[in-house]
Amino acid sequence: MDLERIPLDEMVDGRGGVRPHWRGLLGAISDLGHRDLLERARQMARALHDQTGIAGGTPPLAGGCDPVPLLLTAQEFDRLGDGIVQRARILEDTLRDLYGPRTLLADGVLPPALVYPAPGFLRMGDHPGPGWDVPPRQFLSFYSADLIRGPDGGWRVVADRVARANGIGRALENRRQMARVLPELFSGREVRRLTPFFESWQDSLQRLAGLSDRNPGLALLTPGPRGPQWAEHVILARELGCVLAETGDLTVRDGALWLKTVRGLRRVDVLLLRQDGWTVDPLELDGGPVPGIAGLLDAVRSGAVHLVNDPAAGVVEAPGFAAFMPDLAARFLERDLLLPDTRTLWLGDVPGGLGDLLAGDRSRWWLRPVADAMAPVRRLDRLDDDALAALRRAPERFVAVEAVPPSVMPSVQPGGIEPGAIVLRLFALFDGADWQVLPGGMAHLLPDADAAPGRRLGGQVVTKDVWVTVEDSTDTIGAAVLPTMTLAIRRGQGDLPSRAADDFFWLGRYLEQLEGAGRVLRGVTGRAGRVDGSPRERVELETLLRLAGHVGLLQDEPAIGAGFPTLVRMLSGVAFDSGLPQRLLSEIARVAAGLQDRLTAETYDTIVQGTEALRGQLQDTRVPGDPGRTLERIGRVTDGLLRYGATISGLTAENMVRNGGRQFLDLGRRIERAGAILTSIALVLQQKDVAQRGRMEGALRLILELSDCVITYRSRYFAVLQPGPVLDLLLLDEGNPRGVASQMAMIGDALADLSQADPDRPAAGPVGGADLLRAVRAIMDRLHGVVDDVLAAPRQDSMAATLPDRILDIRDDIRDLARQIARRYFVVLIPPRAVGGGHYVDRGGAGDEA
């Protein structure tokens, strides 16, 4: 594999030779060969996919990381870094002017057609004019820029990123994956580390809060697991020590921002925005498809919370600013740009007029709206008549951007090593005193020659790690150590958002539902081959089919007399997309994706990989024309469902602390298991003539099988089956992990621990902890009553046959307990509503979270 023969701009100098800093790396790449590199690329793609394997959605990191990194020398990176810092300062000064005296508009440096129509220009109740004295305000704390290297070897900026500046989390993950999968490339080469930058970033957030009496509350606002940058947000939240929060997790009260947690409200002092600025506060801004936080900007103005970046900063992402950056540099710094933009012409004042531009080579230009960075980018030579007419009517609404061909470098493709055009994204941080640039970054490949550089990235883009070489004289400087207050010992997870607690609760319930469905399905498949067997086996199969229909495994009415092939066809219908196991696996993956920042990597990977494997196996159970083989495959998949649930139970028990998320996951499992045990007992006891001696023994045997308690019962009572001992084992024995009493005991312990809320925070919901504990005790009293009545009856079989309605009533009490838990811990506040004058009120009470 001779890479040196490929004409690649990034790797060769102006004389056709390989740049010195590339030579050693090229040798290592050549030694690996195309096949090995392609396999390493697939390994990284799988690892990135597993981080965001959301059922029913496109994984945000699905594009993968190309195994050939982009190399920058220390000298070249320093020049780029100086240019990035200069641009950040110019944009900061521009924002202070636009939201302050607006002299740039008054003096004609910027046209109103650029500023006022821009979606990022926010009117937030301030009406400044010339001479207005704006108070000091830092608009930009974080900045990134997309760059391309042109044919002359110089770098040019194609887009400024301030609203969200996504990609830095992916850059960090790319580096981790490269070090894990391709350690050979690092051998003998020193590459500048990325972690000191993140340490400085975390310190700057704590410093921004400006607190000395308590630890600052840091949160990252994300649109949620379905957003295209979810994985990025998870990585950032973990790296910066932030709580990952959606808008429904946050509320404004008493002029401050609060996080809704299971123990009440926790103050948020600094909020990292990862959604567009005009969506953050529906009371003052236009909003959009992503919900906002009512009253947030009022809390910002009062100084109660700091936003990073300021939501008003997005205006400078407008494409037209590139045409005026040289003038802004001269205005604020009195010098030229160190890192210029790709040549951009504002068509409201283009030299020579619009006619000259249209009469020239149109293929040289991209056409973009002057103010909207999200609008489509089109080639000037491909405009239809309507678009040309709109351009001629209002040229001031557009800019023309020169179509500079980006540099190319090797990319590992299935067919070989091929050249790919690249865009480099660099990141900078304002640490409170000065700007510093991440010593690396993220490069991405343009999908084709017609793709415009500078557009926001989608989920399928292929990225590259960016390496900055280390010079012998370079000193590695870490983040400064900040003085901090002594931490008070805490053993709970009081900052667990109510939404996350709700997700843990339902993750537990879904896992238990899947396990319960697997046990019923195993009982059916174990008897399906004996459909023409003894009367007892036929009764047991009929009962199991009724139970399968009750829990949602079968959509059609059970038909025993239809014969073996028909029964197998009914069971195989369980395996496809409409079947209950498929739906439960989809829900498990969806909920787990929302908890990615709170699950260990091992637990999360097991859930995602296991879910995908089981869904594939379920869809591959049918063997056309061979019911026996189909039934055999269903049985194997059923065993897999049970092993999957047991594996996750073991991981959560060993890897999660008892407080916080695990408490709610266990609560969900215990609630679901207790209800499932009671449901199975009631439905089995509803068999016709169950009070008869033979029928009752068969029913009791089936109850023990479904509860996985056959061995426990046999060790105590041998082969003698009676209702009293069976019901005592399943309803009252707290030592039986498959019994209702054990579930209720664990529920009571968890609720007792959760009810000990921190005294300095308000209560979490309208239902008190004491109310929940009383409900648990009432359920146990009813269970004792059921067993006592059976044991006292002269004929236990007859008494047991009368129990189904009582048992189902107790099951309904447990379901009501689940609703009370939700009201107590998951439903904290109803959203505040706007009233006259832009003020807000909160009605309090219980309601559904937005």
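**Confidence and local packing in the predicted model**

In this predicted model, pLDDT (the predictor's confidence in each residue, from 0 to 100) stays under 50 over residues 758–765, a segment with 20 contacts beyond four places in sequence, where contact means heavy atoms within 4.5 Å. Residues 473–485 also stay under 50 in pLDDT, and the model has 15 such contacts for them. Averaged over the protein, pLDDT is 83, and 84% of the residues score at least 70.

Residues are numbered from 1 along each chain as its sequence is written. Local features need pLDDT of at least 70 and side-chain atom pairs count only at pLDDT 80 or more, while totals for chains, interfaces and linings use all residues; side-chain values use heavy atoms, with hydrogens and water left out.

The axes of helix H22 (residues 723–732) and helix H24 (residues 769–792) come within 9 Å and cross at roughly 170°. H22 is therefore roughly antiparallel to H24 (angles over 145 degrees, on a scale from 0 to 180 between N-to-C directions). On the H22 side, the contact is made by Pro723, Gly724, Leu727, Asp728, Leu731 and Leu732; H24 contributes Met780, Leu783, His784, Val786, Val787, Val790 and Leu791. By class, ten residues in the contact of H22 with H24 are nonpolar, two are polar and one is charged (Ala, Val, Leu, Ile, Met, Phe, Trp, Tyr, Cys and Pro count as nonpolar, Asp, Glu, Lys and Arg as charged, and the others, Gly among them, as polar).

Helix H23 (residues 740–754) contains Ser742. Ser742 counts as buried because its relative accessibility is 7%, the cut-off for buried being under 20% relative accessible area with a 1.4 Å probe and protein chains only. Apart from neighbours within four places in sequence, Ser742 is in contact with Asp733, Glu734, Asn736 and Pro737.

Methods. Helix = DSSP H or I, 4+ residues; strand = E, 2+ residues; numbered from the N terminus. Buried < 20%, exposed > 50% of the residue type's maximum accessible area, 1.4 Å probe, protein only. Parallel < 35°, antiparallel > 145°, perpendicular 65-115°, else oblique.
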